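The stops below are meant to be taken in order.

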Amino acid sequence: MFEFVRYFFLSFAVALVTAALPQAAAARDLKLETRIEGLSDGDLRKEMRAVSGLAQKPDGFSSLAPIRRQAEADAGLIMQALLSKGYYAATVSPDVSREELNVIVTFTVDRGPLFKITDYQIRYEDEISADRPQTLNAADIRPRQVPTGDALESIEQRLLQYLWNNGFPAAESLGRHVDAKFETGEAVAVFPVRTGPLSYFGDIRVAGTERVAATYVSKLRPFKRGDIYQREDVDEYRTLIAETGLFSEITIEPAPPLADGITDLIVTVQERKHRTVGTGLSFGTDVGVGANVFWEHRNLLGKGERLYAELDFAGPKQGAELTFTKPLPLLPGNWNTSLLLENEDTDAFSAKTSTLGFGITQYRWNRDLELSAGIQYQYSDILDNDGTKSTFSSASLPLSAIYNNENDPLNPTSGYRARLLVTPFFGDVQFNKVQIGGASRIGFGPRDKFMLAGRATLGASYGASRTDIPATERFYAGGGGSVRGYGYQEVGPLDDKGAPLGGASLSEINVEARALVRENIQIAAFVDAGSVYASETPDFSGDFLIGAGLGVRYFTPIGPLRLDIATPLTPRDPIRVQRTGEDGMPEFNEDGSPALTTAFRDDPIHVYIALGQPF
């Protein structure tokens, strides 16, 4: 009896499974086809298919019910897509039909006419006494009567931006819409807005400071109490706080406005460490290995005062510098004092120089323009390349104007910089030294994969000849930061032993083409040219030397590591001089002719390694 019951239930289960298999297979084997009819524009039909879930994912349905539900949802999506393109009278009708294993979903579309926006209206949903723009033209917006959703969204955002920057920080959109006149194919775009009261900047409330004075943070603001509230001013204020380097987190929020519209700002900060120690390395075949070590304190006295100390070590030049900078937020700018001790030992001269300076700097145009003036006292012990010893004692008045809107100091990809330096010298020798230069670049291709960069510099001296100007203040060219392919200071006139003479004027031009070959690897090809002149201004006489080469930049988190290899395209004839013995007496060959040795030759290859783009 037990075996009979067991056999009965087993047979019944097998029968149920066998009966269900054809139906499950049939559901899985349904073939779905989606059609969109009524659109003669093939591109528009493709766009409508892109929003249809059935068209994009036709598999995975087990019955007609979910297909019908998805068809209704897709009809709504297609309708919204047509409305966003300005077809406000459009209709979409879905139909689902099945024949055996085939299911056909058809969307019949009547898009109607493409409407034209004939008017734009701003509707304020709150009543205030302040004047607000009543038309888009009054908000500096010039619409193009395009009915698409993207165009209307752009207008809405520009309207809000205008309100935010003209005293209404709480302005918000209540949902734009279009009033369509179906009989004429015309429409009116409506922008309902709530602005809140007209607001003015009030006080600054600072929270989170520990060692930084809250009054210093407050004084950094680029606006005054009572100015009309502008969100772009708040963004600039946040940038100015960040540029101090004193904080790791910064938030600025408006407090609820008072009855008279006065709105305080709540500034919350978190301080970061105020001391930094760093080092850097460089290499050039003309100057050897260079290194520098620096230490800085960015908040010495509690109000952003900066004390900076640096030691530089390189083949031809060593130096120690100490600088103290005091911010002047209300200027805005700073004043600074510095002490610089330098030892230079080059082929052109040897000198030990001490410089004490004081200066003041003012920023304009969102801090892109830097204007500086100062006074310096300089004393140098100089040994010229001809063995002449001299001293140079002078006071100078360095003046500068620097415009720089580049987006990155080590790897700029947009913007440009230009500078004008004028320095009158008074003392042992009176003359004026002038230098002007600039650099920029332009990108090409997707995401600026290719880039062409350029730099130019001109220098001049007035009031003294080259021989009267101390060797430390003459112009020199050549090397990794100047004309690559030539040795340090070796571009320009040389004496009969191959030592650089320097000049009273200078000209340089650099062009570099760059291409990104990997996400973090860039290659470059460059041509540099320049010379120095005995004349007060560049007269382009003498040798105008040209160097060229190839480079690789490897992008690291702190900036591009640069390797350049350059060669001179206009090498000069070697300079040969008579060889002297250990006793200092000239030597001769067996035939009585002078024994010559090469005193100077342009090396065929120069290699430069440094951090950051050259310009």
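This is a predicted model: local features need pLDDT of at least 70, side-chain atom pairs count only at pLDDT 80 or more; totals for chains, interfaces and linings use all residues.

Residues are numbered from 1 along each chain as its sequence is written, and side-chain values use heavy atoms, with hydrogens and water left out.

**Stop 1**

Select 31-37, 91-99 and 102-110, which are strand 1, strand 2 and strand 3. Helices (H or I, at least four residues) and strands (E, at least two) are DSSP runs, numbered from the N terminus. The three strands form an open sheet in the order 1-3-2, with mixed pairing; two strands pair if DSSP finds at least two bridges between them. Strand 1 and strand 2 are at the edges with a single partner strand each, so one side of each has no neighbour in the sheet. From one strand to the next the twist averages 15°. Axes here are lines fitted to C-alpha atoms, for helices over the stretch in contact, and angles run from 0 to 180 degrees between N-to-C directions.

Strand 1 pairs with strand 3 in the parallel sense, over seven bridges.

Contact means heavy atoms within 4.5 Å.

**Stop 1: helix 5**

Select 149-164. Helix 5 has 16 residues and spans 22 Å from its first C-alpha to its last, close to the 22 Å expected at 1.5 Å a residue; the expected span is 1.5 Å times one less than the number of residues.

Which residues of helix 5 are buried? They are Gly-149, Ala-151, Leu-152, Ile-155, Glu-156, Leu-159, Leu-160, Leu-163 and Trp-164. Buried means under 20% relative accessible area, exposed over 50%, and partly exposed in between (1.4 Å probe, protein chains only). An α-helix has 3.6 residues a turn, so residues three or four places apart point the same way. Among the elements covering the buried residues of helix 5 are helix 4, strand 4 (116-124), strand 6 (177-181), strand 7 (186-194) and helix 7 (231-243).

**Stop 2**

Strand 9 and strand 10 run antiparallel and are joined by seven bridges; Ile-250 stands opposite Val-269 in strand 10.

**Stop 3: two salt bridges**

A salt bridge is a side-chain nitrogen of Lys or Arg within 4 Å of a carboxyl oxygen of Asp or Glu. By this rule the count is 26.

Show Arg-123 and Asp-179, whose side chains meet in a salt bridge at 3.7 Å, N to O. Arg-123 in strand 4 and Asp-179 in strand 6 are 56 residues apart. Arg-123 is partly exposed, at 35% relative accessible area, and Asp-179 is partly exposed at 34%.

Then show Asp-203 and Arg-225, a salt bridge at 2.8 Å, N to O. Asp-203 is partly exposed at 37%, as is Arg-225 at 49%.

**Stop 5**

Select 505-518 and 521-533. Strand 23 and strand 24 run antiparallel, joined by 13 bridges, and form a hairpin with two residues between them. Leu-506 stands opposite Val-532 in strand 24.

Next show Arg-553 and Glu-512, which meet in a salt bridge at 2.8 Å, N to O. Arg-553 is in strand 25 (residues 545-556) and Glu-512 in strand 23, 41 residues apart. Arg-553 and Glu-512 are both buried. Salt bridges with shared partners join Arg-484, Glu-512, Arg-514, Asp-528, Arg-553, Arg-562 and Asp-564 into one network.

End on Asp-564, in strand 26 (residues 559-568). Is Asp-564 buried or exposed? Asp-564 counts as buried because its relative accessibility is 0%.
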